[in-house]
Each structure stands twice: as C-alpha cells, then as structure tokens.
Amino acid sequence: MRQRKQVFVAVMVAGLLCATTGEAGQAKAKLERDYNVKPVPFNEVRVEDGFWTPRLQISRTVTIPYTFLQCEQTPRISNFEKAAGLRQGKHQGIYFDDSDVYKVMEGAAYSLQVYPDTMLRLYLDQLIRIMAAAQWEDGYLYTFYSLPEKQPQKRWTNEKDMHEQYCAGHMYEAAAAHYQVTGDKSFLNIATKNADMICSTFGPGRRTDPSGHEEIEIGLCKLYRVTGDRKYLEEAKFLLDQRGRLGNRGPKGDGKLYGAYAQDHIPVTEQTEAVGHSVRAAYLYTGMADVAALTGDMAYIKAIDAIWQDVVGTKLYVTGGIGASGGNEGFSGKYELPNLTAYCETCASIANILWNHRMFLMHGDARYLDVLERVLYNAVLSGISMKGDQFFYPNPLESTGQHERSPWFGCACCPSNVARFVPSVPGYAYASKGDDVYVNLFIGGQASIETAGNVVSLSQQTKYPWEGAVTITVKPQKSATFGIHVRIPGWARNECVPSDLYKFKETVDEQATLKVNGRGVPPELSNGFARIERKWQEGDTIELNLPMPIRRIIANEKVEADRGRVALQRGPIVFCLEEWHGLPARESGHGQDGHATGKVLNLIIPDDAELKAEFRPDLLNGVVTITGTATLSKRTEEGKIVQAGTRPFTAIPYYAWAHRGKGEMTVWPPRTLEASRPAPADTLTYVSKTTASFVHVSLDAIKDQAEPKSSSDGSSQQLDFWPHKGTTEWIAFEWGQKREISGVKVYWFDDTGRGECKVPTSWKVLYRDASGGFKPVQNKTAYGVQKDAFNKVDFARVSTDAIKIEITLQEKSSAGVLEVIIE
Ligand SMILES: [Zn+2]
C-alpha cells in the first residue's frame, strides 16, 4: 500500500494545478418518462448499521484503493498512459481490460459522494486527464487498438468478440456517476464524445452490429439521463433491436449472428428464456428494462417478464446466484443447478441485482426485491472477502476443499464489479412513487426521500439481518397524508422464492407484526408491502417485527442436485456447513473428536434434528450460527452406505465461507442416508498417497468413490490436466508398504461441447519394482478409452508399494479422470 500513497501524492500535486470544481446535484435532465417507482439515490441514504457500515468502510478504505493499485500494477492504467503518449510500449493484458479501470472509477465516484476525499478526487482527475489524452480526435477510446500506435483499420472489425462497445458502456456509467457526484464535466465530455462517435458509426442506414457483450445499452441510458440528449436513448434502443437480426454487420456488411451465447439468436422481444452467458444476459435484461421505462415500449417488458419467470422459476440458485455452467459462463437448462460445479459468477450476481432492482421500479412489486435481497446477502457477499481484498469469480454451493478467494484475476471483471457495486448498496434501500415512500431493505441509518409534494425523512434502527426488529422513525418536512410501504419479505410470509423452485419445508404460523406509535396495525399486504396510510407527523414511529425462525428449504424435485437435500435459512441469510478444525469442543459444548466441526460432506441433517440459532460476536466478524447434531454416512468396503454415528455441526452464513482456510463446504446437506455422500471406504485407492504430474480441479476427486453418471457428469468432480494438451501425464499411488495389485479401473472425464477434455489417445499402468524404477505391467486385457463407463485393465499380479498411470493426451485436447479403482 506504500506505493499507493506515492501515487496519490504525485497525483495531488499535478491535480491541484487544474482541479475542476462544480456543484453536484445539477446532474439530472428532465425526462419525458422513466420508471413508475423512483429510486432514492444512495447519496440520500446515510448508513449507520452494524452489518453494512463496516462493509462500506472497507469498500472505501481497502477495496477501491486496492483495485486501483491492481489496475496500476497489472498494468491496466499504463495502457491508457501509453495510449496518451506518456509512455511507450505495446498493449499489455486482455483486450477489454479498460473496462476494469472504468468500473473502479465508478465505485470511487459513489464513494466520494458519501465520503469526500480530496486525494481520491484528485486521483480520478488525473486518470480522466490521461483518458482524455488517450482519446482519438474523433472520440474513439479503446487502448487495445491504440497501441503501440493507433490502428484505425482494426477498429469495429469484430463487434462479436472485441468488446469495444462493452468497454464504452462501462466508461459511460463511470462518467455519468463522476458527473453526478462532482458536477465536473471532464469525464462526461470524454464519454459523450465517444458516444457521439458510436452513434454516427452504428445506427439506421449505417453499421448495425450490436456488441457481443451487452453493457453499452445501460451506459447509453445513463448518458441520456444526465444529458437529456434523446439520441443516446435511441441508440440504446437501436442496439437492442439489432440483436437476433442480421442487418448490416461487419465492415463488409456480411457479419453473422452471434448466437444464443450472446443472446443474439432471435430478436430480444421474442426471447422468453434466459440463455447463454449470464452476465451478458442480465446486462441485456437490465438495458431492456431501462429502455422500456424511458420509452414505454411494452414489448420489452413482456419479454423480460417472461425471462424473469424462467430464471426465478427454473434457473436461480438458493443463494440468488445465476449461471450454473462454467463452460459458457452462463445458463444451463431448466432446473440444471449443480452445486459442486455451480459457476454463479460474482458479476452475474451483481447483474441479477441490477436487473431485479429495475423490475421492482417498473412494477412496484416486492417479489423482485425478495430476489434482490437473496442475491445481495448471499451470492454477492460471497464474492468478496471480509477484509475487502480477495475475491471469488465463481461462487459454488459445494466444495471439496479446492476453493479460496484470489487477490486478483487475469480477467478481473469480478473484483472491479464488486468495487463499483458495494458503495451503491444504500441506493437499493428506499424508493418513492407519487406521495408514497417505500422501505425496501432493512439497513440502519437515515434517508431523505423526495416525493411529489414533500420531503420525507425516515430513520431505521435495526440489527438486521441477525434480528427481525426494525424501528422506523418518520419525519415529513410538512405533515401530510401519504402511504409508507414497508416490505414484508417473502421469507417472513412463508414464501421462500416467488416461484415453486424452492419451498420452506414447514409453514410457520408466527406472522410479521406492525405497530404505529406503539399501537398494533394489521399489515394489509399489497404487492409484498404493508402500506400504512395516515397523516404522518414528525416523530411518528413504525415498529416492524419479522420473526426469524430457522427455516429448512426443500428444492423442487426437478432439481436433481438438491434431491433428498435441505438448505438452511434464517432471515435473508442462507447457511452452509464448512469444514473447520478450529472450534474447540468446550465452546460448542460437545464434540467427540475434540472438535465441533470437521469434514462436512458426509454429514446428514435429518428432518427431526433440533436446530438452534445463536449470535456469535467472536466468529467471522459476528455472525449467527445454526448448530445441531448431524448423522454421519460412511461407505463400507463392500460399497454399502451406512450410518456411522453422530456429530455436532455448526452452520455459518454462506457469504462468510472460505475465511478459515480451505475445506469442504455445502449449502445443501442431505436429509437422508440415500442422498448422502458417504465418507469413502478404506480402499487401496483411498488409502494411497496420490500425486499427479499436474492438477486441475481436484486430485481427491478420483478417489471419492462417487460413481460418475457419465463422462460429462457435472455433479461429480474430476482431476484433469487442462490446459495441457498433447502431453503425457501421470498419476501415482503409493502405499509405504507392498500391496498385491492385478487390475486398475479408470473412468475418463470428457467435457466435449463444454470444455477441452477428451478421452486420451492411450494409457498404461506401471509399477515400482525392487530397483525403485517404474516398469509397465503385463496387461491381459486392453487399455480402454470408452466414455461413460469404467475402463478396466487386468494384468499379471504385481507386489509393489507404488503404481503409476501414464496417460497420453490427444494432440489438440486435454484429458481428465473422474474415478480410479485399484484392485
Ligand atoms: Zn466477473
């Protein structure tokens, strides 16, 4: 962090010479129409909350400076400096890296609004000056085609893949935020100059290529909102309408459709299902919602309403994550929600929030906020470490111990997205419509809400999400009759999600209660809100009490991965079991092995297990835990699954997992022995010390004794050698003593269509002889490379302390193994 300081000082000196000033709050154009419900901007919300204040602080003091530092070191910012002529050299990194810098700038602008910070302001000024110098005369700005020199012949040659419009969209969002916060037009001018250039390149009678990665539509709507220039709105609509239509794409007009991966298979108004890359998709639906709100185009609304039903009804994880599959970083089929291989990209969760917030603003229905809250407290928060400087890209719902957050990624979309998202969280808490106000989320602090004819201040006091009591104090500028809509979350109304994808196992009778000035009022629910209308006066109070019993969640039977399994939720928080060896038995009050926790994948939580919730201020920055007694499942050497005793368990909030070292984790433990994942039997494979020439995914996977359903089984993990291709790899098994061995069975992994692993060209088994060297066994049967089955080789019995499987990969492919059995 020392380097950061130096940068700031240098920037401050440069910045003081030409720092621009301006008044914030002028940055809103008068629009003909917009969303029915108006959001209360985050800068009108002051957060004083036990749960969110520390997170906003860490975002400001750690995540934003840290992600800027990473952008300097990786070297994303240096690409701009080179393009500006301040340095020499080629472009370094990925072609769309510019977007990460814009995203962190957007987050920094949000943070500045709430916490004025001269150094940060000057740092942004400096970046903006560099970007202005890197921008081409005609407005083009994309460093990949600017280095080592401007390459005008290359630009706009591949809108499917090159993300020029995508980067521009993030620039517009950042510039609009910067202008709204500072009143300074320096960044906005860069953005509008670029947008004008894009409007004159892509439009009716010109090129018609939409971007292969949606985002520019959201950015253009933001430019329209701040400038009032309708051209930007029309361009957003134009680009949306080009999806699924050929038009005049490519420099020669012979471009092709990009397909379902980029939601470019049919026109957007004809789309009814969520397909393809999930971040692209959710940005598309967000952009469609914006354009629909600003134009009143009902066809967009009809389409995204149907797509929302598809996602929430069949493609949403219980954590709120979307995008089940890593192969396309996107949606799988309906009800295909594997846990171990769940992709749930952090960016997709953020995009899901952006989309659901807009759906709420359009329809005024709290079910969208129910989804938003589920994503926020679970799938999004999992994406960032509590210290604010480590990140998850995928957020699986089960781990065999291979997962940990990373300080950064080559493709750093997720850290930069988290950096811009967290400071904006207060902006989701309130809304208004006409004279009415909405309380959407329960976050302590104050908000000043401008309504049609009043300004209403609300202050919330709460220990949410750990406790369900919320006190709201009302202070209208002038006392008047209006409605306050207080959200009664679905989980407090026995509705797990607004679909039949997940259900609470038991119905709870205890209802949410409301009091106004100490007197009970029956909550009259409409669209998921209790609307209280009266003549509100300064000092009026609303007391909401949301009972928070522990809830067991059961998934729709069609979700194969969750069959026979249960998830735990309390309030908005989804829990997980996590392997951890640090909890002394005396603390939890029980524990046979001296520890209250350990391996968790073999635990069963029976339906009759008593569950207890307790706030633990000492654990993971203070969390509620759920404790109980699980039964254990173990596989015998004969392959039978049996119950093997009981053990106490401690479930923690899913968002807090992977803060205590690597270990097993599951959100969906089994309810029954049949659904359990037993601890492996002590087979020859299992008891061996196993090593490999290279490990991608999991070495333990090949001896977990989970029988694969097929070679492409997404529910089972594999060891593979990706990205190695055409090489010879090996897996070795050692015992420390001699064993009699006469056969080996291998189940090959093959993800053709999703990935680059295919069955190998050939393989053989070697054993260690007395000399210590490895010699091939004398095989009696062939070395098979069949898919979807065990390939067994029998050989002349050897007495050895180690064997090795040597695998020759297909020339242009990698290979992998799901399971090995040594006999
Ligand atoms: Zn991402």
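A: The account below begins with the sheet and then turns to the metal site, the aromatic rings and the backbone. The model is predicted, so local features need pLDDT of at least 70 and side-chain atom pairs count only at pLDDT 80 or more, while totals for chains, interfaces and linings use all residues. Residues are numbered from 1 along each chain as its sequence is written, and side-chain values use heavy atoms, with hydrogens and water left out.

The sheet is open and has seven strands in the order S2-S6-S7-S8-S15-S11-S12, with antiparallel pairing. Strands (E, at least two residues) and helices (H or I, at least four residues) are DSSP runs numbered from the N terminus, and two strands pair if DSSP finds at least two bridges between them. Strand S2 (45-47) and strand S12 (519-521) are the edge strands, each pairing on one side only. From one strand to the next the twist averages 20°; axes are lines fitted to C-alpha atoms, for helices over the stretch in contact, and angles run from 0 to 180 degrees between N-to-C directions.

S2 pairs with S6 in the antiparallel sense over three bridges, and Val 45 has Ala 447 in S6 as its bridge partner. S6 and S7 also run antiparallel, joined by six bridges, and they form a hairpin with four residues between them. Within this pair, Gly 445 stands opposite Gln 460 in S7. Strand S7 (residues 455-462) is in turn paired with strand S8 (residues 469-476) over seven bridges in the antiparallel sense; here Thr 462 has Val 470 as its partner in S8.

In a regular strand the side chains alternate between the two faces of the sheet. Strand S6 (residues 445-450) has Gly 445, Ala 447 and Ile 449 on its covered face, and Gln 446, Ser 448 and Glu 450 on the uncovered one.

The metal site comes next. The zinc ion has Glu 345 (OE), Cys 347 (SG), Cys 413 (SG) and Cys 414 (SG) as protein donors, lying 2.1 to 2.3 Å from it. Donors are N, O and S atoms within 2.8 Å of the metal (3.2 Å for Na, K and Ca), and water is not among the atoms, so sites may look incomplete. The angles among the four donor atoms are 98 to 119°, and the site is tetrahedral (four donors with all angles between 85 and 135 degrees). Glu 345, in the loop between helix H11 (298-315) and helix H12 (346-363), and Cys 414, in helix H14 (residues 413-421), are 69 residues apart and link distant parts of the chain. Both Glu 345 and Cys 414 are buried (under 20% relative accessible area; exposed is over 50%, partly exposed in between, with a 1.4 Å probe and protein chains only).

As for charges over rings, Arg 60 lies over the face of Tyr 115, 4.2 Å from the ring centre, and Arg 155 over that of Tyr 140, at 4.9 Å. The criterion is NZ of Lys or CZ of Arg within 6 Å of the ring centre and within 35 degrees of the ring normal.

The peptide bond from Leu 147 to Pro 148 is cis, with omega near 0°. Tyr 335 has a positive phi of about 65° although it is not a glycine; Tyr 335 lies in the loop between H11 and H12. Most residues other than glycine have a negative phi, and most peptide bonds are trans.

Terms used
Tetrahedral: all angles 85-135°; square planar, octahedral: opposite > 155°, others 65-115°.
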